[in-house]
Amino acid sequence: MHFLTTHQRVVDGLGRRIVGGAWEPGDALPVEDALAAEIGVSRGVVREAVKALVAKGMLHVRPRTGTRVLPPEHWNHLDRDVLRWKQAGDAAALLRDTGELRRIVEPEAARLAAGRAGPDDVRVLYDCLAAMEAAAAEPGRSGYVEADIAFHRALLDASGNRLLGSLGRAVDIALEHSFLVSTQTPGAVEASLPGHRAIVQAVEARDPAAAAAAVLAIIEAAEHEIAQSPGMPSDAV
């Protein structure tokens with residue numbers, strides 16, 4: 001079990017309330033004394049929590065006008081905490097955003113990987129695929145989502161673009177949420193394995209077009225599975 005420090009607990013609580021709409025953009029947070037009394041912590045803890053949320057782009061502090069909530073377009077949506085709060089508070093929007101990001105990024109990353117990946121990169125992709133296949137064969141498929149995330153991280157790393165590699169690690173919470181929903185559709189796990197193998201084979205064959213097409217195919221399949229999944233949020237459209 002992961003225990004939060006008092007600081008983390010206050011940041012987490014305030015962040016969830018902001019994402020959940022307890023305060024609208026432009027609203028002022030209660031003054032420091034009132035917020036500290038409500039939460040049951042010191043003013044210093046509240047002050048440090050506010051600083052953390054300012055750093056995430058969620059709050060703005062000005063003399064005389066107080067601490068105000070910024071619109072979502074100012075938030076750092078790649079921040080791991082913000083992703084967690086969105087998962088809890090606006091899961092359907094997070095699934096949509098994740099799917100759109102994948103369509104933009106992953107096919108081009110696969111093209112780059114097909115042109116740049118070395119033998120070690122290909123070996124890592126095959127190792128990730130083997131872990132997915134092993135997990136898929138286990139009762140309950142324990143570890144499948146983790147192996148799937150590792151595969152997609154490895155693909156971004158194989159692109160040779162360090163920014164893409166960092167992006168993969170930044171959005172792993174969003175990917176985990178997406179994969180957890182999509183794999184609840186009956187038959188989805190078994191159907192996804194040949195597509196992942198096609199990606200590795202295209203990268204190994206240094207065929208950029210085939211690699212991009214294979215990635216796009218599994219993204220489209222995942223979107224269909226999410227729409228059919230019993231784990232799909234009820235507020236999704």
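**Cavities, a helix crossing and a hairpin**

Searching the whole structure turns up 2 cavities of 30 Å³ or more. A cavity here is a set of points, on a 1 Å grid over the protein atoms alone, where a 1.4 Å probe fits but cannot get out, and its lining residues have an atom within 4 Å of a point. Grid points are joined across faces, edges and corners, and the volume is the space filled by probe spheres set on those points. The model is a predicted one: local features need pLDDT of at least 70, side-chain atom pairs count only at pLDDT 80 or more, and totals for chains, interfaces and linings use all residues. Residues are numbered from 1 along each chain as its sequence is written, and side-chain values use heavy atoms, with hydrogens and water left out.

The largest cavity has a volume of about 100 Å³. Its lining includes Thr98, Arg102, His152, Leu167 and Leu175. Two or more lining residues come from each of α5 (91-116), α7 (144-158) and α8 (162-170), and α5 gives the most, with 5 residues. Helices (H or I, at least four residues) and strands (E, at least two) are DSSP runs, numbered from the N terminus. Sorted by class, this lining holds 6 nonpolar, 3 polar and 2 charged residues. In this scheme Ala, Val, Leu, Ile, Met, Phe, Trp, Tyr, Cys and Pro count as nonpolar, Asp, Glu, Lys and Arg as charged, and the others, Gly among them, as polar.

Among the residues lining it are Thr98, Arg102, Ser178, Ala222 and Ile226, and the elements giving two or more residues are α5 and α11.

The axes of α9 (residues 172-182) and α11 (residues 208-228) come within 8 Å and cross at roughly 65 degrees. Axes are lines fitted to C-alpha atoms, for helices over the stretch in contact, with angles running from 0 to 180 degrees between N-to-C directions.

Finally, the strands. β1 (residues 59-62) and β2 (residues 66-69) pair in the antiparallel sense over 4 bridges; pairing requires that DSSP finds at least two bridges between the strands. Val61 sits opposite Thr67 in β2. The two strands make a hairpin with 3 residues between them, and Arg64 in the turn has a positive phi of about 75 degrees.

Key
On a 1 Å grid over the protein atoms alone, a cavity is a set of points where a 1.4 Å probe fits but cannot get out, and a pocket is an open set with protein on both sides within 12 Å along at least five of seven lines; lining residues have an atom within 4 Å of a point.
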